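Biologist: I would like to learn how to read the side-chain contacts in a model. Please take me through them one kind at a time.

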Amino acid sequence: MSERHLDQYGRLPQEIRDDPYPWYDRLRAEAPVQQVTLPHGEEAWLITRYSDAREALNDPRLSNDPANGKAPAPVGFRHMGNSDPPDHLRLRRLVSKVFTPRYIATLRPVIERTAAELLDSIADHSAVDLISEYAHPMPLTVICEMLGVPSSDHAALRGWFSTMAAIGAAPADELEAAFGSLMAYFSQLIAAKRAEPGDDLLSELTAVRDGSDALDDTELLSMAFALVGAGHETVTNLIGNTVVTLLRSPAQLREVLDDPTLIPSAVEEVLRFESPVPSAGARYTTEPVVIGGVEIPANEHVMIGLGISNRDPERFDAPADFDLHRGDVAHLAFGHGRHFCIGAHLARLEAEIAVATLLARHPGTAFADPDAPVEWLDGVARRGVRSLFLALR
């Protein structure tokens with residue numbers, strides 16, 4: 001993540017994208033807390049050790065509000081992920097009234113139907129790109145259906161969010177254009193839901209109340225953006241990472257095929273082993289903070305490495321091994337503390353159903369070309385495969 005590792009477009013070299021873990025190990029060995037240069041040129045303090053990361057994720061002196069950083073803060077974009085108490089508690093309380101575990105459990109038939117329909121559409125293909133034809137459209141379809149987004153708009157949303165996710169890979173003007181298009185789209189959709197509420201999550205969010213408190217339009221706009229963005233890109237990568245990991249681990253794949261009840265264990269271990277979100281949302285020090293014996297000054301950007309921490313040998317035995325039967329998978333893939341991902345239950349459920357449905361229908365699934373390398377995505381904010389060509393058998 002330092003300048004010597006980046007190309008002219010701010011991207012990491014292919015060899016690091018393909019296998020960042022030896023590089024992570026070197027960073028951790030050099031200094032568990034160190035200053036690095038991010039692809040867009042900003043300096044940040046990177047935390048690489050599990051114990052430090054877990055502590056930092058719940059440290060009130062590390063703010064999620066970009067107003068506490070040195071760079072100008074975005075205007076009018078406010079959701080749980082970039083706010084601090086008391087605003088964060090208020091927003092989370094309101095959203096939690098709608099986005100409950102019980103509500104998520106009711107989505108199982110929708111997820112199962114979506115997975116089945118997508119596999120039906122590619123059943124007669126000799127080879128498929130699992131990412132573009134299954135792993136990406138499945139969670140996007142689910143979250144859009146939850147929010148009441150018309151199916152005719154799914155493709156446009158997917159394109160905009162794909163651009164937004166390519167931090168460190170897409171040009172700044174493309175990122176700005178994609179963000180502007182998304183904001184305009186969700187502004188129109190929220191207005192439509194206020195005028196004519198439907199039986200969907202966004203309509204419920206427009207109506208949710210806690211006494212006299214409610215989400216205003218800016219908060220609704222930010223929440224819709226965050227739910228769709230986190231609700232499909234992360235799950236896409238989790239599905240792809242799980243399938244790749246199982247195909248690279250034939251003995252454990254056979255265990256899963258023989259006993260599908262192991263699929264939740266496989267997904268949980270992949271969350272640690274190939275964390276789809278390599279780092280937590282940006283934090284900013286509100287005062288000088290000592291982490292791992294290093295003092296970080298006030299108003300500094302702190303980058304909490306989730307993928308790095310989840311491979312920390314001080315916390316996990318044989319962290320470079322994928323182990324279906326790992327007894328203690330206390331990973332940080334969904335964060336920790338007050339900002340623990342509100343969509344964690346949904347992400348797990350979607351990934352488990354996606355993998356279970358694929359393997360039940362096509363137990364002989366294999367790489368279409370066993371010799372072809374797996375190409376991983378650009379950007380430092382995501383970990384997932386760009387494409388995954390498989391033979392479905």
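**Reading the contacts**

Modeller: Leaving out residues up to four places away in sequence, L201 touches V98, F99, Y103, M146, L147 and L227. This is a predicted model.

Biologist: Which residues touch the most other members of the largest nonpolar core?

Modeller: The general idea is that nonpolar side chains tend to be buried together in soluble globular proteins. Here the largest nonpolar core has 88 residues, and F99, M146, F186, L201, L205 and L388 touch the most other members. Helix α12 gives the most to this core, with 14 residues. Another core, of 17 residues, lies apart from it; A53, I291, L306 and L332 are among its members.

Biologist: How many aromatic pairs does a search of the whole structure find?

Modeller: The search finds eight. For W160 and Y185, the ring centres are 6.3 Å apart and the planes are at 55°, so this pair is tilted.

Biologist: Is W160 buried or partly exposed?

Modeller: W160 has a relative accessible area of 24%, so it counts as partly exposed. Y185 has 12% and is therefore buried, as the cut-off for buried is under 20%. Y185 also pairs with F186, and that pair is edge-to-face, with 5.6 Å from centre to centre and 75° between the planes. F186 is buried as well, with a relative accessible area of 0%.

Biologist: Which residues form one aromatic cluster?

Modeller: Y21, W23 and Y24 do.

Biologist: Where does the charged end of R272 sit?

Modeller: The charged end of R272 sits over the ring of F316, 5.4 Å from the ring centre. In another case, R315 lies over the face of Y50, and the distance to the ring centre is 5.1 Å.

Biologist: Now for charges that meet charges. How many salt bridges does the count come to?

Modeller: The general idea is that side chains of opposite charge can pair when their charged atoms come close. The count here comes to 19 salt bridges. One of them is between E117 and R113, whose closest N and O atoms are 3.8 Å apart. The cut-off is 4 Å.

Biologist: Where do E117 and R113 lie?

Modeller: Both are in helix α6 (residues 108-122), four residues apart, which is about one turn of the helix. In general, an α-helix has 3.6 residues a turn, so residues three or four places apart point the same way. E117 is partly exposed at 47% relative accessibility, and R113 is partly exposed at 37%. Helix α6 also holds T114, which is buried at 4% relative accessibility. Beyond its neighbours within four places in sequence, T114 is in contact with M138, T141 and V142.

Biologist: Which salt bridge links distant parts of the chain?

Modeller: E269 and R326 give one such case, with a salt bridge of 3.0 Å from N to O. E269 is in helix α14 (residues 263-273), and R326 is in the loop between α15 (306-309) and α16 (344-361), 57 residues apart. Both E269 and R326 are buried.

Biologist: What about R386 and E375?

Modeller: They form a salt bridge, with the closest N and O atoms 3.2 Å apart. Both lie in the loop between β11 (366-367) and β12 (389-391), so the pair ties together parts that are 11 residues apart in sequence. R386 is partly exposed at 33%, and E375 is partly exposed at 35%. Elsewhere, salt bridges that share partners join R90, R93, D213 and E219 into one network.

Biologist: R90 brings us to a helix. Which residues in α4 are buried?

Modeller: In helix α4 (residues 87-96), the buried residues are H88, R90, L91, L94 and V95. Viewed down the axis of α4, they fall within an arc of 165°, so they line one face of the helix.

Biologist: What covers the buried residues of α4?

Modeller: The cover includes α11 (201-207), β5 (209-210), β6 (213-214) and α12 (217-247).

Technical notes
Residues numbered from 1 in each chain as written. Predicted model: local features only at pLDDT ≥ 70, side-chain atom pairs only at ≥ 80, totals over all residues. Heavy atoms only, no water. Phe/Tyr/Trp six-rings, centres within 6.5 Å; stacked < 30°, edge-to-face > 60°. Buried < 20%, exposed > 50% of the residue type's maximum accessible area, 1.4 Å probe, protein only. Lys NZ or Arg CZ within 6 Å of the ring centre and 35° of its normal. Salt bridge = Lys/Arg side-chain N within 4 Å of Asp/Glu carboxyl O. Helix = DSSP H or I, 4+ residues; strand = E, 2+ residues; numbered from the N terminus. Arc of directions from axis to C-beta. Contact = heavy atoms within 4.5 Å. Core = buried A, V, L, I, M, F, W, Y, C linked by side-chain atoms within 4.5 Å.
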